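Visitor: Could we go through this entry together, beginning with a pair of helices?
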Amino acid sequence: MKPPLFRYEAPRTIKEAVAALSSDVDAMVLAGGQSLVPAMNFRVANPSMLVDIQHVEGLKGIAVADGTIVIKAMTRHRELELDPHVRRANPLIAEIMQHVAHVPIRNRGTVVGSLCHADPSAEMPLLFVLLDGTMTAAGPGGTRRIPAAEFFQSFLTTARQQDEIVTEARLPVLPERAGWAFDEVTRRHGDYALVGVGCVLEFDDSGRAHKVQLAACGISDRPVRLKAAEAALNGTSLTTADLDAAALASADTVTQADDMNTSMSYRRRVLGTLIRRLVVTAAQRARSGSRP
Amino acid sequence: MRRTAIRPAIPERSDEPRAEVALTVNGQAVRRTVSVRMLLSDFLRHELGLTGTHVGCEHGVCGCCTVHIDGKAGRSCLTFAIQANGCHIRTIEAVAAEDGALHPIQQAFKECHALQCGFCTPGMVMNILSRFEEREPLDLSESGIRDMLSGNLCRCTGYINIIAAVRRAAELLGRA
């Protein structure tokens, strides 16, 4: 399996990269290539031009400041996973990263590339939807900030225009009092999730859960915030009955039809089970203050 | 019945876009002009004759083509040669010492019978080597080692001896 023919550009500035993309509607951005190159090898993707952004100035590195983690476009998964500042600022990231493919893939694949690829069962899009992250896109008309809730539009489809480059993505630092948890069910470790769920929550001074945030991947054509389940848990003391109510409230969010991997009804059951388990884990961490 | 040979429509001269690639492979500077769609795995094997890097699935699943790109394990079948421009590449050919003495990881594979046909072994060794060289804490429990190997497929051994070899390599490298 070899990729089809394409032209190749390796610009040095964002302006040059945007100009190259604007010059050809079938041009695509190449970052780590861990999703795009296999798609090309399978001839699923057939770009006429690849704009390799690895040499573009200002697209490398991670910064943690003012309650925000800024992840530049060429940041590899493994860099984010191992960054000591990120580990302290938001321990959910390292936990979720253990489920993203395998280390050699994480060494090459980029976080922003995974967001732009927008596989509905991938973990990185879920992370950004869960935490209300944002993406910054640079295009011919300037730059704009896109919230994660608007960025993911459908299967492999985002709000990024063809001639735009997502130059960075931003995640919030996890509040000191928050608990966190992520887990997923897969056929094999490292595969895309059949269903994955992430949870962050806090307790108010009276010991009731608040600011509960839940999101899932693998259940729809995009990552989904589980608003009904969040509403069922906010203000409660997370009893078994509350967890059951949250699981029940999430059932309608599963719209992924039966496929070669599993059925819709199985996904619903897994989603409910993961919500129950992960809310409990996040609650334990919030109560024990086990922050690294 | 008269048979006519079917002639494939291969153009005399390909107008494939080409570009110059300059990189360091196993400590040696290399410069070649190749098609921009040439995969790094094919570049190593066909342009440089380094056939120790094996090609299995060509979509990033089997891990046979794993090499080090700037010191970190990566799939050479999911990297275009042109993307490695200016990079340092290390392949299985540069793991044993010049005099042929095996690297401790290779020695461990040999001692533990961690290969049968050997097709997956170069990728396994390059992946494990990268993890030992990373200096991050290693989980050397059975499940930790299985996780470490989860991106490399072996169709002969059932992995038991490969797991033993990783443990033995940790002993030989003073990491156990």
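Visitor: Is the crossing of α11(A) and α12(A) left-handed or right-handed?
Guide: The crossing of α11(A) and α12(A) is right-handed, a term used when the near helix is turned clockwise from the far one by less than a right angle, anticlockwise being left-handed. This is a predicted model in which local features need pLDDT of at least 70, side-chain atom pairs count only at pLDDT 80 or more, and totals for chains, interfaces and linings use all residues. Residues are numbered from 1 along each chain as its sequence is written, while chains are lettered from A and ligands numbered from 1 in the order in which they are written.

Visitor: At what angle do the axes of α11 and α12 of chain A cross?
Guide: Helix α11 (residues 240-249) and helix α12 (residues 264-288) of chain A cross at roughly 140°, and their axes come within 8 Å. That makes α11(A) oblique to α12(A). Helices (H or I, at least four residues) and strands (E, at least two) are DSSP runs, numbered from the N terminus. The axes are lines fitted to C-alpha atoms, for helices over the stretch in contact, with angles from 0 to 180 degrees between N-to-C directions. Under 35 degrees counts as roughly parallel, over 145 as roughly antiparallel, 65 to 115 as roughly perpendicular and the rest as oblique.

Visitor: And which residues meet there?
Guide: From α11(A) come A:L243, A:A246 and A:A247, which meet A:G272, A:I275, A:R276 and A:V279 of α12(A). By class, the residues of this contact are five nonpolar, one polar and one charged. Ala, Val, Leu, Ile, Met, Phe, Trp, Tyr, Cys and Pro count as nonpolar, Asp, Glu, Lys and Arg as charged, and the others, Gly among them, as polar.

Visitor: Which domains does chain A have?
Guide: The assignment for chain A gives domain 1 (7-52), domain 2 (62-172) and domain 3 (179-287), with bounds from an automatic or database domain assignment. Between the C-alpha centres of domain 2 and domain 3 of chain A there are 21 Å. Their contact takes 21 residues from domain 2 of chain A and 19 residues from domain 3 of chain A, two residues being in contact if their C-beta atoms, placed from the backbone, lie within 7 Å.

Visitor: Which element gives the largest share of domain 2's side?
Guide: That is α8(A), with six residues of the side of domain 2 of chain A that touches domain 3 of chain A. This side of domain 2 of chain A divides into 13 nonpolar, five polar and three charged residues.

Visitor: Changing topic, how many residues are in contact between chain A and chain B?
Guide: The contact joins 24 residues of chain A to 24 residues of chain B. On the side of chain A, β1 (7-9), α2 (36-41) and α6 (103-108) each give two or more residues, and α6(A) gives the most, with five residues. The predictor assigns the complex an ipTM of 0.93 and a pTM of 0.94.

Visitor: What is the mean pLDDT of chain B?
Guide: Chain B has a mean pLDDT of 93, and 93% of its residues reach 70 or more; pLDDT is the predictor's confidence in each residue, from 0 to 100.

Visitor: How do its elements run?
Guide: Chain B has five helices and five strands, in the order β-β-α-β-β-β-α-α-α-α from the N terminus on.

Visitor: How far apart are the C-alpha centres of its two domains?
Guide: Domain 1 (18-94) and domain 2 (104-172) of chain B have C-alpha centres 22 Å apart. Domain 1 of chain B brings 13 residues to the contact and domain 2 of chain B eleven residues.
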